[in-house]
Every structure is written in C-alpha cells, then in structure tokens.
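Subject: Structure handover

Hello,

Here is the structure I promised to pass on. Please open it alongside this email.

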Amino acid sequence: QVQLVESGGGLEQAGGSLRLSCAASGRTFSTYAMGWYRQAPGKEREFVADISSSGGNTRYADSVKGRFTISRANAKNTVYLQMNSLKPEDTAVYYCAAALNRGIWQYWGQGTQVTVSS
C-alpha cells in the first residue's frame, strides 16, 4: 500500500511559478513510476507528466511541455512538479499517482488546488 500526499498548490499570477510536491509512504518508492494529473472544473482528469522509477525517463502532455518539469528524489520518497510560465488554463486540482507498471496507476493522492489568475 502506498499513500500519497500532495502539497505546494496555491494562487499564482499568470507567468509565475509553483512547485508541487508529492510525498509517498513506504520503503518501495523507488520501484514505482510516478505521475501527475490534473482536473479542471467540469472537465475530465488529464495527464500532465510522468517519470520512470529511476527518474531516467519523463513524458509530458503537449500543453505543458517546455513549461513544466517532473523530477523525483527517491531518497526522500518525493516527486516534484516544477511549473513555470503558468497560464490561467493551468488552473485545476493536481493529483499525483503511483504505478508499478507505468500508466496503470494504482494509487492516487487527494489532490492540491492550483489557481492561476490572469
């Protein structure tokens, strides 16, 4: 069982930056691929970025490519999402997820709200 707790959300102006963190419980964090998803009001949850268990491979949604960076610190059981050049359309609840098989997400956090004002 893996428990995930996101933090770092908040209110930011367009063009600003935020860094989200997701802390995971357990001693097997380094065996899990990790991902970030988001859900805006009235919309379905969508993929943002993910990272392999070793951190050597990352993938991004086209909408965030070049602006967001996913990284992980296995010694700290934490995955990060650095968000730069924020846009109002980035406003959403952001969730982190964990999977032994990347893309088949088994565990989800409770989410953290990100609001970007224009």
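Below is what I found, going from the whole chain down to single residues.

First, the ground rules. This is a predicted model, in which local features need pLDDT of at least 70 and side-chain atom pairs count only at pLDDT 80 or more, while totals for chains, interfaces and linings use all residues. Residues are numbered from 1 along each chain as its sequence is written, and side-chain values use heavy atoms, with hydrogens and water left out.

The whole chain

The protein chain has 11 strands and zero helices. Both kinds of element are DSSP runs numbered from the N terminus: helices are H or I with at least four residues, strands are E with at least two. Read from the N terminus, the order is β-β-β-β-β-β-β-β-β-β-β. The radius of gyration is 13 Å, close to the 13 Å that the globule rule gives for 118 residues, so the chain is as compact as a globular protein of that length. That radius is taken over C-alpha atoms, and the rule is 2.2 Å times the number of residues to the power 0.38. Along its principal axes, the C-alpha trace spans about 40 × 25 × 20 Å.

Of the 118 residues, 42% count as buried. Buried means under 20% relative accessible area, exposed means over 50%, and partly exposed lies in between (1.4 Å probe, protein chains only). The chain exposes about 6,100 Å², and carbon and sulfur atoms supply 46% of that area. Accessible areas come from the Shrake-Rupley method with a 1.4 Å probe; for residues, only the protein chains shown count as cover.

Now the contacts, meaning heavy atoms within 4.5 Å. Among those with a separation of 6 or more, 55% come from residues 24 or more positions apart.

Charges next. There are 12 positive and 8 negative ones, and their mean positions are 8 Å apart. Lys and Arg count as positive, Asp and Glu as negative; His and the chain ends are not counted. The place of a charge is NZ of Lys, CZ of Arg, CG of Asp or CD of Glu.

Strand β11

Start your tour at β11, residues 112-117. Its side chains alternate. Thr-112, Val-114 and Val-116 point to one face and are buried.

Strands pair if DSSP finds at least two bridges between them. Strand β2 (residues 10-13) pairs with β11 in the parallel sense over four bridges. Gly-10 has Val-114 as its bridge partner there. Strand β9 (residues 92-99) runs antiparallel to β11, and three bridges join them. Tyr-94 is bridged to Thr-112 of β11.

Leaving out residues up to four places away in sequence, Val-114 touches Gly-9, Gly-10, Leu-18, Leu-20, Met-83, Asp-90, Thr-91, Ala-92 and Tyr-94. Thr-91 is 23 residues from Val-114 in sequence, but their C-alpha atoms are 5.4 Å apart.

Some serines

Ser-21 sits in strand β3 (residues 18-24). Ser-21 counts as buried because its relative accessibility is 17%. Beyond four places in sequence, its contacts include Trp-36, Val-79 and Tyr-80.

Which of them is buried, and which exposed? Ser-52 counts as buried, at 14% relative accessibility. Ser-54 counts as exposed, at 60%. Setting aside neighbours within four places, Ser-52 is in contact with Ala-33, Asn-57, Arg-72 and Arg-102. Ser-54 and Ser-30 are 24 residues apart in sequence, and 6.7 Å apart from C-alpha to C-alpha.

Backbone notes

Asn-77 is not a glycine, yet has a positive phi of about 55 degrees. Asn-77 lies in the loop between β7 (68-73) and β8 (78-83) and counts as buried at 17% relative accessibility. Ser-85 is not a glycine either, and has a positive phi of about 50 degrees. Ser-85 lies in the loop between β8 and β9. Its relative accessible area is 40%, so Ser-85 is partly exposed.

Best wishes
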